[in-house]
Amino acid sequence: VLLGLSTSVASASGALPRHVRIDGQRFIFSSTNTSIVLSGPNVVVKGPPYLPAVRGATHCHDVVNSNCSATGTCKTCCTFNEADINLIKSQGRNFIRLGVVWAGAQPRDEDALDIDFLERLHAILDLADRTGIHVMLDNHGDMTASAACGNGAPMWVSQKAAPHLIGKPLKTGFPFDLIDSLKISNLGGYDHCSDNETKWAAFAGDPNYNLLNECCLAINGGNPAATGFTTIAQKNMDFIIHDGPGRKAFVRFWTLMANAIKQHPSAFALELMNE
């Protein structure tokens, strides 16, 4: 779901107009009122601190491939700076899709965003405002939530949605268990823990369960689809989508986010949930 901010945010009290507005299926550069094509990379950190730091003088150079994955020698960076902006522009690109993972933005059930997350967000958007890079904020999630060995919704959401499934072996329920490719038991690495309840219970309830529990680590590389069709993953989605406290929590998150970015004209759109 993509939501343009040219109306909803710019009309808010004290908000600045966006550099880009959305007109039907076109992106419009506001200063010239002409159509533009947006192109650029993902900028996303899928674990703490969930947003890159604006520091350093060299651009990011990730090394992630099958060889380094097999040996545990992959390298990723957690910075985004003017050198990265210059690299993007040198490639003829003008845009970033910035991951704002709910679990990082709001790790606690409260009417506020995390202070450290906000500081990092403002630093990135200050840089984008100054350098003319356009930004879409993406609530980046991989298979719903950390409690389901994925990434996205905070642990406290899962504790409300399916408290009885926290720290339990992942299972695939009907009707998804009718499709072999969606059965969690058929996923590579699942047999590392299988139905061992003691192993699955390790770090249960921890906000970083997906990064700490050995059963999750055995299966969650490569963003496997089967993880998103487990009973706990589906409970998470039902809780967020259906009318009630879960949907209200989700709306609160995006309301807080919209208020946080209203002074940053580079941020022109929200991807409410990518998966």
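How many helices and strands does the chain have? Here are my notes, bearing in mind that this is a predicted model.

1. To take the opening question: I get 11 helices and 8 strands in the chain. The radius of gyration is 20 Å, close to the 19 Å that the globule rule gives for 275 residues, so the chain is as compact as a globular protein of that length. Along the principal axes, the C-alpha atoms fill a box of roughly 60 × 45 × 35 Å.

2. Take the contacts between residues at least 6 apart in sequence, and 69% of them join residues at least 24 apart.

3. Now the aromatics, with a count of 8 aromatic pairs. One of them is Tyr 190 with Trp 200, a tilted pair at 6.0 Å centre to centre and 40° between the planes. Tyr 190 sits in the loop between helix H6 (155-161) and helix H7 (197-201), while Trp 200 is in helix H7, 10 residues apart. Tyr 190 counts as buried because its relative accessible area is 6%, under the 20% cut-off. Trp 200, at 1%, is buried as well.

4. Phe 253 and Trp 254 make another tilted pair, with 4.9 Å centre to centre and 50° between the planes. Both residues are buried. They also belong to one aromatic cluster, together with Trp 102, Trp 156 and Phe 250.

5. Last, the surface and charges. The accessible surface of the chain is about 13100 Å², and 55% of that belongs to carbon and sulfur atoms. There are 22 positive and 25 negative charges, and their mean positions are 4 Å apart.

How values were computed
Residues are numbered from 1 along each chain as its sequence is written. This is a predicted model: local features need pLDDT of at least 70, side-chain atom pairs count only at pLDDT 80 or more; totals for chains, interfaces and linings use all residues. Side-chain values use heavy atoms; hydrogens and water are left out. Rings of Phe, Tyr and Trp (its six-membered ring) pair if their centres lie within 6.5 Å; planes under 30 degrees apart count as stacked, over 60 as edge-to-face and the rest as tilted. Helices (H or I, at least four residues) and strands (E, at least two) are DSSP runs, numbered from the N terminus. Buried means under 20% relative accessible area, exposed over 50%, partly exposed in between (1.4 Å probe, protein chains only). The radius of gyration is taken over C-alpha atoms; the globule rule is 2.2 Å times the number of residues to the power 0.38. Contact means heavy atoms within 4.5 Å. Accessible areas come from the Shrake-Rupley method with a 1.4 Å probe; for residues, only the protein chains shown count as cover. Lys and Arg count as positive and Asp and Glu as negative; His and the chain ends are not counted. The place of a charge is taken as NZ of Lys, CZ of Arg, CG of Asp or CD of Glu.
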